[in-house]
Amino acid sequence: MIKSEPKSILQFMASHYDLLRELFDIQVKNDIITKESLIICLENYDKDIQEQLTEYQILVEQNDDFAFNEPYFVLFEFIHQKFKPLLPEEIEHFGQAIRTLFLKIKEGINDDKNILLERIEALSNQIKKFTNAVVNNTKSLLTESKELKANNKKIDYQEKIHKARYLIENYISPLNTILDVNHSQSIYNELLNVSQFTNVKRFDYADESIRREFEKLYHLLRQVAKDLNLQSVTLTNELLPLIERIKTESQYLRGFHYYLTNGNCYKEIEPPRIFVSTRDNIYNKFVYENTKEYFDQFQHEEDIIVVEDSEQTNDWLFDKSKYKETLNQNLPIDDFFKWCEHSIKEENEDFSFDNFFMVTSLLFEEDYEVSVSKVGKSVSISNENSELIMPKLTIKKQEDVSR
Amino acid sequence: MYPDKHKEIVTSLMEGKFITVEDLSYETINKNEDFYITFFEKSFGFELIGNLDFYYLVSNETNENTSRDISIFFSVLCYELDKDGKNFLEELNYSEFHIDEIIEYFKNSSWTDVIKANKQLNNDENLKRHIGTMVKRNIAVKQGNDRYSFTKAHKLFIDFAKDLIKDEKSETKV
């Protein structure tokens, strides 16, 4: 029993509103206000009001901790429009009560008048509670979904999807079923049945006071039908599309996440094919980007490793000084090209013409004078593959000439 | 004999540009789609790909690095936009972004490893140049004052990422 005046209690609540609001938030978050958190809160506000809080039964003790007394908690939820969503099972509980009471009313329609009156009144109460529960649930689910969409808490997308899925599976889909006019077992359809029955009874029931109760119930049901319809519209037009958007975005986000995770994007996943432009003019306004793009192609290419050919090849090297020395010793020479052939054959019987021409380059050294031989016009030089017809050249030392 | 804007269409596509539904020439290709498919196939051996949003050419060669850079760019940007509470699908379709805003998203991104490893995205200057590459291909449009918007061509790169997990059994189905 509360000894204090109701007005004093309300004044007390107004004076200490900020503290009470914080305690309310603690309970919403943790379902309980621990003794420690109550003490910290009282100290923070520098208030010594624990005694009044329990005297006015705003807080009730739960073992060593505290919790808001139910009527105050509901009041706070209502004035802050911050409702904890009810589980469908909790809402269904009202539906069950409505079904049972309606059945009893139909079965006992001709029974005792008083019990019939009380059942009609109880049915009205349950319908009001049910409607409130649905309205509050839609509101809180919409708020939660919007917060989730806006991602105020900057949570990772996986957690976001998890929360969205949780809301859909446990709250939104079942609420949709409860309000679904096409679902034969929905509470909404049950209320329509009650409404039809009441509409008949408000005219044809013999007793006037009962008729009046049915009349009141009928008007309540008309209002409820409007309210529930509004909730259903909110659900269809706002809540479900919002969730649908979270769902679509999440499909993309899962893709991005997969693509970027562990550097997958640099591994086997091939990006979309795009065109390689082939022609570019220096005055093209995108010439920088084009050139850069061209060179970028090769940036990620694997290193090219040149493996040495293990087979030894006999590369012949032209030792110019050695050949020149030999040439000098043999000067003058009547047939230069034949001399070249002999010299190279001494070193390598299977010579190539490339090798041969390297030796013939001695011809262009400044030390020699070259003239075409008068005896015999040409000589033949041959190897395995082909034959060269060369002029017969005589070669002497320059100094021999001067002498 | 040839449709209007023929030269513009051929030049743009051959430069590797996307022609998107926002462009006037989109309608011309759309009306003469069969002609252009055959034209590019017979003349150059290129494939013209089109949908409700854009047309583009592909050949046997593909510029894999540029395409990868663009795909990573959109994946990171969308991820960060979402973290910022924005609807990235709408943002990419309808919003303009200041270059500094984009740079900021990349600086604060949690995908640091991916960004650091990418030579087009790893610092402010490279990022700016990368956006220049996207402008060149008509994936982004410069709106002046260092502001950029994205054409419908961005969808190629974000749908690609979405489709990566299309075939997976959706145990995370929402």
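This is a predicted model: local features need pLDDT of at least 70, side-chain atom pairs count only at pLDDT 80 or more; totals for chains, interfaces and linings use all residues.
Chain A contains 15 helices and six strands. Of its 403 residues, 23% count as buried. Among the contacts in chain A with a separation of 6 or more, those between residues 24 or more positions apart account for 62%.

Chain B has nine helices and six strands. Buried residues make up 39% of its 174 residues. Of the contacts in chain B between residues at least 6 apart in sequence, 55% link residues at least 24 apart.

## Helix packing in chain A

Helix 6 of chain A passes helix 7 of chain A in a left-handed crossing. On the side of helix 6 of chain A, the residues making the contact include A:Ile91, A:Phe94, A:Ile98, A:Leu101 and A:Phe102. Helix 7 of chain A contributes, among others, A:Leu116, A:Ile120, A:Leu123, A:Ile127 and A:Phe130. The contact also includes A:Lys104 from helix 6 of chain A, and A:Arg119 and A:Lys129 from helix 7 of chain A. By class, the contact of helix 6 of chain A with helix 7 of chain A has 15 nonpolar, three polar and three charged residues.

## A hairpin in chain A

Strand 1 (residues 59-62) and strand 2 (residues 65-68) of chain A run antiparallel and are joined by four bridges. A:Leu59 stands opposite A:Phe68 in strand 2 of chain A. The two strands form a hairpin with two residues between them, and A:Asn63 in the turn has a positive phi of about 55°.

A:Val60 is found in strand 1 of chain A. This residue counts as partly exposed because 13 C-beta neighbours lie inside 10 Å. Leaving aside residues up to four places away in sequence, A:Val60 touches A:Phe66, A:Ala67 and A:Asn69. A:Val60 and A:Glu70 are ten residues apart in sequence, and their C-alpha atoms are 9.3 Å apart in space.

## The sheets of chain B

In chain B, three strands form an open sheet in the order 1-3-2, with antiparallel pairing. Strand 1 (19-20) and strand 2 (47-50) of chain B stand at the edges, each with a single partner strand, so one side of each is left without a neighbour in the sheet. Strand 1 and strand 3 of chain B pair over two bridges, and B:Ile19 has B:Tyr55 as its bridge partner in strand 3 of chain B. Helix 3 (residues 33-44) of chain B lies across strand 2 and strand 3 of chain B and runs at about 150° to strand 2 of chain B.

Another open sheet of chain B has three strands in the order 4-6-5, again with antiparallel pairing. Its edge strands are strand 4 (96-98) and strand 5 (140-144) of chain B, each pairing on one side only. The twist from one strand to the next averages 35°. Four bridges join strand 5 of chain B to strand 6 (residues 147-150) of chain B; B:Ala140 has B:Phe150 as its bridge partner in strand 6 of chain B. Helix 8 of chain B lies across strand 5 and strand 6 of chain B, at about 110° to strand 5 of chain B.

## The contact between the chains

The contact takes 47 residues from chain B and 43 residues from chain A. The elements of chain B that each supply at least two residues of the side touching chain A are strand 3 (54-58), helix 4 (64-83), helix 5 (88-94), helix 7 (112-116), helix 8 (124-136) and helix 9 (154-163). Helix 4 of chain B gives the largest share of that side, 13 residues. By class, the side of chain B that touches chain A has 21 nonpolar, 14 polar and twelve charged residues.

Conventions
Residues are numbered from 1 along each chain as its sequence is written. Chains are lettered from A and ligands numbered from 1 in the order in which they are written. Two residues are in contact if their C-beta atoms, placed from the backbone, lie within 7 Å. Ala, Val, Leu, Ile, Met, Phe, Trp, Tyr, Cys and Pro count as nonpolar, Asp, Glu, Lys and Arg as charged, and the others, Gly among them, as polar. Two strands pair if DSSP finds at least two bridges between them. Axes are lines fitted to C-alpha atoms, for helices over the stretch in contact, and angles run from 0 to 180 degrees between N-to-C directions. A residue is buried if 20 or more other C-beta atoms lie within 10 Å of its own, exposed if 12 or fewer, and partly exposed in between; C-beta atoms are placed from the backbone. A crossing is left-handed if the near helix is turned anticlockwise from the far one by less than a right angle, and right-handed if clockwise.
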